[in-house]
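Hello,

Here is the structure I promised to pass on. Please have a look, and then read my notes below.

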Amino acid sequence: MQNSWQHNARNTLKGASSCNDFFQSNQFEDQHFPIKIPLEFANLIDKNNPDDPLLKQVIPSENTQSQPEFSLSPLGDEDNAPVAGLIHKYPNRVLLITSRVCAIHCQYCFRQNFDYSGHDAISNWLAIEDYICSHQSINEVILSGGDPLSLSDEKLQDLIDKIQRIDHIKTLRIHSRSMVVTPSRITDQLIGILNNTKLNVVIVLHANHANELSNEFANVIQKLVKITLLNQSVLLKGVNDSVLVLSELSLRLFDLGILPYYLHMLDKVSGAEHFLISDERAIQLHQSLKKNLSGYLVPKLVRDENLAAKTWV
Ligand code: SF4
């Protein structure tokens with residue numbers, strides 16, 4: 001049904017009480033990053049398995065004691081914003097903060113404490129346009145958030161129209177977790193917008209486990225033709241820190257026409273300490289993946305540094 005995603009967005013599980021009711025558990029407790037789970041994602045969780053890898057991503061840690069290297073804003077996004085709503089780190093590309101809203105709250109998210117006030121690319125478009133036009137080296141615009149697909153199709157169309165009117169912008173990249181966790185967001189209207197822009201479109205999806213890639217997602221993602229589909233994951237203890245799980249994810253992505261792109265080391269944000277695995281273990285996993293999979297199915301193992309994903313091994 002057209003626009004059923006907006007209906008679904010309103011019927012999301014929010015807060016410990018509704019989650020404990022839904023999962024018939026007492027595992028959820030409200031912490032500083034509010035719990036938010038779309039029903040499309042919640043319905044993929046095995047209610048009888050307290051260690052379900054999808055459940056672990058959305059359940060706040062009971063242990064709130066921060067470790068020394070963990071901080072509220074590990075990447076310091078705010079330091080790289082020459083114009084409100086725009087982050088510029090590398091000469092050829094800028095990132096726009098288009099929305100503060102996400103379809104899901106991932107408890108490992110490095111932006112969970114980001115101060116979105118004053119960082120709205122939509123309301124600050126004129127200043128952003130001026131900035132991009134005065135930097136001819138920029139050829140790619142990245143839409144990020146929050147999640148840019150929390151915007152309506154009309155707002156997205158309007159923003160993309162404005163971006164493609166700038167002559168030296170050739171590529172539009174969209175970073176979104178919504179498509180995976182709420183496949184109903186991939187409306188016919190959205191597909192039309194993305195398939196018909198004159199820009200090269202790259203979508204970087206965000207899935208951490210093959211169980212997230214539902215049949216509904218599989219059915220709609222294949223309607224995005226002419227679009228480069230990549231995936232990034234975060235390496236998370238208890239979720240995907242195994243060769244088998246990571247291999248299954250790469251193979252399932254490839255079945256759907258999506259290339260595994262990045263495997264991120266955890267950004268050390270307070271509250272996510274329980275997801276951290278050691279550097280040694282990460283390297284070991286990555287080396288085993290290289291033995292198990294064809295090279296194009298092995299994501300790059302990277303560590304984010306001030307918004308730059310650095311290839312690490
Ligand atoms: S969808 Fe992305 S930005 Fe939003 S909470 Fe999850 S990781 Fe963070």
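A residue counts as buried under 20% relative accessible area, as exposed over 50% and as partly exposed in between, with a 1.4 Å probe and protein chains only. By that rule F217 is buried, because its relative accessibility is 0%. The model is predicted, so to speak of local features pLDDT must be at least 70, side-chain atom pairs count only at pLDDT 80 or more, and totals for chains, interfaces and linings use all residues. Numbering starts from 1 along each chain as its sequence is written, and side-chain values use heavy atoms, with hydrogens and water left out.

F217 belongs to helix α9, residues 215–221 (a DSSP run of H or I, at least four residues; strands are E, at least two; both are numbered from the N terminus). Beyond its neighbours within four places in sequence, F217 touches M179, V180, P183, I186, L205, L256 and I258 (contact: heavy atoms within 4.5 Å).

The loop between β7 (200–206) and α9 holds H209. H209 is buried too, because its relative accessibility is 7%. Leaving out neighbours within four places in sequence, the contacts of H209 are P53, L54, V239, V245 and L249.

What surrounds the ligand? The residues are C102, I104, C106, C109, G146, R177 and H206, where near means a heavy atom within 4 Å. This shell has four nonpolar, two polar and one charged residues (Ala, Val, Leu, Ile, Met, Phe, Trp, Tyr, Cys and Pro are nonpolar; Asp, Glu, Lys and Arg charged; the others, Gly among them, polar).

Best wishes
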